[in-house]
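Please consult the sequence and the structure shown below.

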Amino acid sequence: METNIEHATNDQSESKTGSDKTHLSVVERYYKPKYILDCQANEDEDLCILTHSNRICIITLAPSHPVVRDKKTIKQISFKVGGVDRLNNKVSGKGKRGAQELNAGSPICKIACVDGEEFTVYSGIKGQLIEVNECLIQNPELILKKPLTEGYIAIVLPKLKDHEQVLKKLKTEEEYKQRRVDFSGAGGS
């Protein structure tokens, strides 16, 4: 039986050719999923951090996050959080000049749902904010439809000296699946 976590990953990342071969997506080939459980002590508000060998980290919602798990209808996504407008982040050059510095507890965006619930998405890791996904403002449903690709929240680059420490704090996919065995999202069989 396929788990909901595997189902969510498979739906978003596999592509088929005419000969019915399955090819790995760019995300599956080059990024390793790591997880933060109960981010900022918010129960079940888990994040998936897609890590690349070049230190780039893509922040997405994990399949067990209430927005994804419960397939909530998203009314609005705002990158104006904590007195900072993340949309004003202007990065340039090799040294990433102008990037906003983030701590693990830095808010990146707020997700407002039609049912009145609001969720603040935190960075979860320390680093420089390279970009936020501005497409989510016009198409917030991308978070639900393609959370590991077009529905990512932000891209963060940990500093070289902090990179190993950041990765050690993240859970592997196996640890995530063990901790979220009772994950109750809708999924395949």
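This is a predicted model: local features need pLDDT of at least 70, side-chain atom pairs count only at pLDDT 80 or more; totals for chains, interfaces and linings use all residues.

Asp 44 counts as partly exposed, with a relative accessibility of 22%.

- The side chain of Asp 44 forms a salt bridge with that of Arg 69, at 3.2 Å from N to O. Asp 44 belongs to the loop between strand 3 and strand 4, and Arg 69 to helix 3 (residues 66-69), so this pair ties together parts that are 25 residues apart in sequence.
- Arg 69 has a relative accessibility of 17% and counts as buried because the limit for that class is under 20%.
- Arg 69 also meets Asp 70 in a salt bridge between their side chains, with an N to O distance of 3.0 Å.
- Asp 70 counts as partly exposed, at 40% relative accessibility.

**Arg 180 and Asp 38**

- A salt bridge joins the side chains of Arg 180 and Asp 38, at 3.0 Å from N to O. The two residues are 142 residues apart and link distant parts of the chain: Arg 180 is in the segment after helix 7 (173-179), while Asp 38 is in the loop between strand 3 (32-36) and strand 4 (47-51).
- Arg 180 counts as buried, with 10% relative accessibility, whereas Asp 38, at 26%, counts as partly exposed.

**The network as a whole**

- A network of salt bridges links Asp 38, Asp 44, Asp 46, Arg 69, Asp 70 and Arg 180.
- Across the whole structure, the search finds 10 salt bridges.

**Cavities**

- Strand 11 (residues 118-122) gives the most to the lining of the second largest cavity, contributing 3 residues.
- Sorted by class, the lining of the second largest cavity comprises 4 nonpolar, 3 polar and 1 charged residues.

Definitions and conventions: Residues are numbered from 1 along each chain as its sequence is written. Side-chain values use heavy atoms; hydrogens and water are left out. Helices (H or I, at least four residues) and strands (E, at least two) are DSSP runs, numbered from the N terminus. Ala, Val, Leu, Ile, Met, Phe, Trp, Tyr, Cys and Pro count as nonpolar, Asp, Glu, Lys and Arg as charged, and the others, Gly among them, as polar. A salt bridge is a side-chain nitrogen of Lys or Arg within 4 Å of a carboxyl oxygen of Asp or Glu. Buried means under 20% relative accessible area, exposed over 50%, partly exposed in between (1.4 Å probe, protein chains only).
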